[in-house]
Amino acid sequence: MNTAPPLTVTRRAARTGTAMAVVSMTTVQLGLAASVGLFDSLGPTGVAWLRLAWAGLLILVIVRPRPSTFTRRSLLASVALGVVTGALTLLFMAAVARLPLGTASALEFLGPLGVAVARSRGGKMLWPLLAAVGVLLLTEPWHGEVDPVGVACALGAAACWAAYILLTQRVGDEVSGLQGLAVSLPVAAVVATFVAAPSALGELTWHLVLVGAGLAVLLPLIPFALELLALRRLTTAAFGTLMSLEPAIALVVGLVLLHQVPGLWPVLGIGFVVAAGIGAERTGARSDTTHAPSHPEVAVPTR
């Protein structure tokens, strides 16, 4: 007996997941733009720590995770996701401090692109390849100087992003609601505290602390929650491909808010990533969108 959900259900799930991913990427870009003003005071890694620290505290207060929600496996996955999240945030900020943003973004995108390629089959391989071409045209990494440490940090962030996608889907499948995020974000905050807090604490003022609380909502609280929910509805291949839209969103935000007019190649790149995003949305629904968390006491997430 065929228990697969109807096509209309999976298509609706894919559209909802795609919308969540796009809103998440847009919020990330707005959060990064708003964070730039704090770099001179705290440095890139200090700003990342402040955002993660506030996000970890806020998610604990809002969600209040219950131990009974977790199995041993889901708890370990949530903790691992937190470690990866902290490392991803710190490594990317370190890369941006040493490389042009376009170069760092192009290198970091190798993570989700690798997931998309590894998980794609048959004709679906076309969308990651289109996305890769589009990201190269958008970011034009060949224009920037290369810093070996910056490249290493960006590649480390790419590996963390790939692990983040896989772990986020696992946590989202096994733990209902945002309970998993209420463990992973505090763990990420602890990781960032050990790495970045010693150099940033002396520069903190009450004004910076309050601004950091607002930035934490914009990035990472809202985006990470949306990505967890999106990965309950999309395959990791489709989600990895959709991440190619982020440089395009960054370009549009720069044009509208910063009056940065793109050249011909970035405009052409937008066409590639939009085409890849549409293809991923149409073919990227999970066949197990009614997947229930493995813990018998955990309710099936509302779809």
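I started with helix 3 (residues 72-98) and helix 8 (residues 181-200): their axes come within 7 Å and cross at roughly 45°. That angle makes helix 3 oblique to helix 8. For my own reference, angles under 35 degrees count as roughly parallel, over 145 as roughly antiparallel, 65 to 115 as roughly perpendicular and the rest as oblique. Axes are lines fitted to C-alpha atoms, for helices over the stretch in contact, with angles running from 0 to 180 degrees between N-to-C directions. Helices are DSSP runs (H or I, at least four residues), numbered from the N terminus.

Before going on, a note on the source: this is a predicted model, where local features need pLDDT of at least 70, side-chain atom pairs count only at pLDDT 80 or more, and totals for chains, interfaces and linings use all residues. Residues are numbered from 1 along each chain as its sequence is written, and side-chain values use heavy atoms, with hydrogens and water left out.

Back to the pair: helix 3 passes helix 8 in a right-handed crossing (the near helix is turned clockwise from the far one by less than a right angle). I looked up who touches whom, contact meaning heavy atoms within 4.5 Å. On the helix 3 side I noted, among others, Leu75, Ser78, Gly82 and Leu90, and on the helix 8 side Val183, Ala188 and Val195 are among them. By class, this contact has 13 nonpolar, 5 polar and no charged residues. Ala, Val, Leu, Ile, Met, Phe, Trp, Tyr, Cys and Pro count as nonpolar, Asp, Glu, Lys and Arg as charged, and the others, Gly among them, as polar.

Next I took helix 2 (residues 39-63), which packs with helix 3 at an angle of about 165°, the axes 8 Å apart. Helix 2 and helix 3 are therefore roughly antiparallel. The contact includes Phe39, Pro44 and Arg51 of helix 2, and Gly86 and Met93 of helix 3. I get 7 nonpolar, 3 polar and 1 charged residues there.

Which residues line the largest cavity? I wrote down Leu81, Thr85, Tyr164, Thr168, Leu181, Ser184, Leu185, Phe224 and Leu228. Helix 8 gives the most to this lining, with 3 residues. A cavity is a set of points on a 1 Å grid over the protein atoms alone where a 1.4 Å probe fits but cannot get out, and lining residues have an atom within 4 Å of a point. The lining has 6 nonpolar, 3 polar and no charged residues.

Notes:
Helices (H or I, at least four residues) and strands (E, at least two) are DSSP runs, numbered from the N terminus. On a 1 Å grid over the protein atoms alone, a cavity is a set of points where a 1.4 Å probe fits but cannot get out, and a pocket is an open set with protein on both sides within 12 Å along at least five of seven lines; lining residues have an atom within 4 Å of a point.
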